[in-house]
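Please look through the sequence and the model below before reading on.

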Amino acid sequence: MSTSRSTSASTAFRRIIRRETHSPRSVAMASAVVLAVLALAYVGTEIVLSLFSQPGLLLSPAAAGTWLSGLPDQQPAWAIVTVSLLLALLGVVFIVLALTPGRLPKHQLTRTGRVVLVDNAVIAAALAQHVSDHTGIARDRVTVGVSGRVVDIVVTPDAGVPVSEETIRELIAAELDVYQLVRPVKTRVRTAQQREGALA
Amino acid sequence: MNDTNRFLNRTLLLLIGLVFFVVGAGVVAVFAWPAAADWWSSASTSARTWMDNATRQTLIAGSTLSWGAAGSLAAIALLIVLLIIALARLGGGHTRSLVRTGGQDSPAGRIIIDTGFASDALRASLEHRPEILSSRVSVVNVRRAPMMHLSVTPRQNTSPGEIVDDVDHLLDSLAALTGAEIPSYLSIHTGLRSKLARDQRRIA
């Protein structure tokens, strides 16, 4: 009983983690559906108007048919081609959005056994603060970027203050060890030289 | 998180994307490629003949209305209704009761703990903490079981480890209070508010 309950809880958590770390594509879907509904509503309106022998909004279905069958010779060609290219591009964008995983910039932490999901930017800011606290480099001279697999650190130490990249690497490793990220990340450290420092 | 049907989202995106691409690329091909233009001319002529025949044969007796036109109208209306239903179903899945015991589980009868209770308790505790700018508690149904989602926006440069410890402690206290371990998860966010707020805690 208790095992079946814990497995159902863990599938629920797996579902939550999956859904929280991937985009639902709701905005893209809503835009695509609204465009499709508008197009369909327009065609429907033209058909209804022609059934009641009213003039069409733009083109009656019969005129549209004639226009379409003479398509290769319609003018202005450049305008028709441009609009069609845009339509095809929009189609490609929708297809790509439908098929790509849409991973969100988040990491899962297993610090306490509870499911925790953290925006990458939160981790980046915390790491930068940690480096600044322990090296004495001003916070705004530490830039950290966190992606799915890499932590990128650029520090610009004050002139004459030696900071070894190894120290920073250890600091980052220690702080990441506190978080316990589920997906391991590689750490890249770069020290940038100040221009003023080089001149002095 | 909500109960949006993501498979439906992606299927619709793919289908509409394919239609847009085929129509757009087709027209471009007709203009750019003579063979496609020739094919288009012959195909459209035969399609028109077929359409005219179909319209004539499906004419509703004594009127100018054809079943073909009525049928295509019905199909368009049906498609529009289905698409709007898909739009209206976005979101949802939130629930109001967090803990619900069976009637016989407790001498007091059935106990239902409202989401608002847990939410107020957690948010009141979090409000005291200077490093936390805002918090939100919601309950979603995951596979018919309630799951509490605690979402926190801390001040910039706050260690997520610190927040996890704080929240963990709070959730344990809540579990002790309600007598039920509620499955829950935490998400820590950044946002405009955490960027604009002072990042250093004031020294009090």
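How many helices and how many strands does chain B have? In this predicted model, chain B has 6 helices and 5 strands, and these elements, followed along the sequence, come in the pattern α-α-α-β-β-α-β-β-α-β-α. Of the 204 residues in chain B, 24% are buried.

The next step is to ask how chain B meets its partner. Contact between the two involves 59 residues of chain B and 64 residues of chain A. On chain B, at least two residues each are supplied to the side that touches chain A by the helices α1 (6-32), α2 (34-57), α3 (67-88) and α5 (160-178), and also by the strands β4 (145-154) and β5 (184-188). The largest share of this side of chain B comes from α1(B), which gives 18 residues. Sorted by class, the side of chain B that touches chain A consists of 38 nonpolar, 16 polar and 5 charged residues.

Strand pairing also links the chains: strand β2 (residues 115-119) of chain A and β5(B) pair in the parallel sense over 4 bridges. Within this region, the residue that stands opposite A:Val115 is B:Tyr185, which belongs to β5(B).

In soluble globular proteins, nonpolar side chains tend to be buried together. The largest nonpolar core in this model has 48 residues, and the members that touch the most others are A:Val116, A:Leu127 and A:Val131. The element that gives the most to this core is helix α5 (residues 120-135) of chain A, with 8 residues. If residues up to four places away in sequence are left out, A:Val131 touches A:Ile137, A:Val142, A:Ile153, A:Val155, A:Ile168, A:Leu171 and A:Ile172. Another core, of 13 residues, lies apart from the largest one, and its members include A:Val33, A:Leu87 and A:Leu97 together with B:Leu13.

Chain A is divided into domain 1, which spans 23-99, and domain 2, which spans 106-199. The centres of these two domains of chain A, taken over C-alpha atoms, are separated by 50 Å.

Methods: Residues numbered from 1 in each chain as written. Chains lettered and ligands numbered in written order. Predicted model: local features only at pLDDT ≥ 70, side-chain atom pairs only at ≥ 80, totals over all residues. Buried ≥ 20, exposed ≤ 12 C-beta atoms within 10 Å, placed from the backbone. Core = buried A, V, L, I, M, F, W, Y, C linked by C-beta atoms within 7 Å. Contact = placed C-beta atoms within 7 Å. Nonpolar A, V, L, I, M, F, W, Y, C, P; charged D, E, K, R; others polar. Pairing = 2+ DSSP bridges. Domains from an automatic or database assignment.
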